[in-house]
Amino acid sequence: MRMATYPEDCLYTREHEWIRVEDDVGVIGITDYAQEALGDIVYVELPSVGDHFSQGEPFGNVESVKAVSELYMPVSGEVVEINEDLAESPQLVNEDPYGDGWMVKITLSDPTELETLMSASEYEEYVKEERQKEK
Amino acid sequence: MHEALGARFTEFAGWLMPVQYTGAIEEHLAVRTAAGLFDVSHMGRLEVRGRDALTLIQKVTCNDAARLRDHQVQYSALTTERGTFVDDLTVYRFREDHFLLCVNAANREKDLRWIRQHREDEEAEVYDVSDQMAQLALQGPAATEILQPLTDVQLDHIRFYWFEQGEVAGVSALISRTGYTGEDGFELYIPAASAEWVWNRLLDAGQSAGMKPCGLAARNTLRLEARLLLYGHDMDETTTVWEADLGWIVKLEKGDFIGREALRRQKAEGLRRKLVGFEVLDRAPAREGYPVLIHGRVVGQVTSGSYAPFLRKNIGLTYLPIEHTAIGTRFHIRVRGREVEAEVVPTPFYKRPR
């Protein structure tokens, strides 16, 4: 099995979302581990621009051939952009989870919430524990 | 052995089953364009032996097993007195006094009990031989070219829904031209102890043709595209054979069988609902259990539904009131609170080119 990747410039949730904050905007997607576990993604259901979500609130769904999984907001904020390409090409989430497979961009309402998220190395440890549980 | 290939597993009817190896879509497409290899050893296998084996089978199934010749296979159903499904199955005839029934994994004990319970003075015994055998399915347009070098049996001579006995990779095998994918292909019944050996020989033999090992996820999407029903989802003890739109396996004229009266009556009175195939007119797949609505009223639920990897559409099956089952009829499916439109379409969704 190939090794999952964990970019250093992202922060991570226990539900396997990542967020990358550039200026005041947070870009959000699901992790390499998550896309691998889900398998071939065939549909991504995203919110509308202008929707507001609290930290931990479900904001959409990602659907593979096998299952539907909810997406959870890493931090509170308002959606300012969604990845329109995913409607036509949901497989981008499998192919490039931290890049072209991003899902939404938000403006953060409380940047201090970022402190509750995991760093790349913490998340990597967390995934190792999750994999142990699988066995 | 499957773990070595990177398979991911799930529990199914007490079996640890590979869900996927390299990816559900890749596996699905391999079967449509080249070949796929499935371990379907979880299926139940019952043997019926004895002078009255045929008589007993005729009594418990709705298709006409008397039409079978030696080494022929038939799709059929074990039916209740109400004409509903105890199970669906394939009936293999070796001789008039010796049959093999391939049944659903989850139903194997129920079926065995059911058949034994309905045996009266017939001289026939039913045995569960599932654990002695492994079952592999080699499916796809390249199946014959992959299997032929490994066997002494002339595969061209086995017609669809017939079988032969011979050797595969030096192991004695029943080779049947059957499957659950909508493609040409074979199912191999082999001694359980030889499963890993034969599996590995087939993997080697299929490599250059692009064959892939396939898991349960691909098996499910393949059978759905071909509109092959799945027991416990698309039909069960609450749905009749007519309602499941499997009327072609009901032979009322064959003589008495369990459920015949109910099926005859339902045919005369007409159906109130029927299983249909639909296409979702939306990007969201409709999955099993999602509510189905007509004019805003819930009339049922999706029994099977998925993204169809070869057709690149969202398809599914559901029971609809009979007046709404015409091709082209539009209805709605509730997908997580949102109502998406769907349309009744002709099935099978996918039919292989001949």
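This is a predicted model: local features need pLDDT of at least 70, side-chain atom pairs count only at pLDDT 80 or more; totals for chains, interfaces and linings use all residues.
Me: What makes the radius of gyration of chain B agree with that of a compact globule?

Reply: The rule for a globule is 2.2 Å times the number of residues to the power 0.38, with the radius taken over C-alpha atoms. For 354 residues this gives a value near 20 Å, and chain B has 20 Å, which means that the two agree. Along the principal axes, the C-alpha atoms of chain B fill a box of roughly 60 × 50 × 35 Å.

Me: Why is strand E12 of chain B called largely enclosed?

Reply: A residue is buried if 20 or more other C-beta atoms, placed from the backbone, lie within 10 Å of its own; 12 or fewer make it exposed, and anything in between partly exposed. Six of the seven residues of E12(B), residues 185-191, are buried, so the rest of the structure largely encloses this strand. In chain B as a whole, buried residues make up 47% of the 354 residues.

Me: Which strands pair with E12(B), and what makes them count as paired?

Reply: Two strands pair if DSSP finds at least two bridges between them. Strand E9 of chain B (residues 133-139) is joined to E12(B) by seven bridges, and strand E11 of chain B (residues 171-176) by three; both pairings are antiparallel. Leu138(B) stands opposite Phe186(B) in the former, and Ile175(B) opposite Leu188(B) in the latter.

Me: What makes E2 and E3 of chain A a hairpin?

Reply: Strand E2(A) (residues 17-22) and strand E3(A) (residues 25-30) run antiparallel and are joined by six bridges. Two residues lie between them, and Asp23(A) in the turn has a positive phi of about 55 degrees. Val21(A) faces Gly26(A) across the pair, and Glu22(A) has Val25(A) as its bridge partner.

Me: Why are E1 and E5 of chain A called edge strands?

Reply: Six strands of chain A form an open antiparallel sheet in the order E1-E2-E3-E9-E8-E5. Strand E1 (11-12) and strand E5 (52-53) of chain A each pair on one side only, and these are the edge strands. Within the sheet, E3(A) is joined by four bridges to strand E9 (residues 104-108) of chain A, where Val27(A) stands opposite Lys105(A).

Me: What makes two residues a contact, and how many residues of chains A and B touch?

Reply: Two residues are in contact if their C-beta atoms, placed from the backbone, lie within 7 Å. By this criterion, 15 residues of chain B touch 12 residues of chain A. The elements of chain B that give two or more residues to this side are strand E2 (15-20), helix H1 (24-33), helix H6 (216-225) and strand E16 (297-308).

How values were computed:
Residues are numbered from 1 along each chain as its sequence is written. Chains are lettered from A and ligands numbered from 1 in the order in which they are written.
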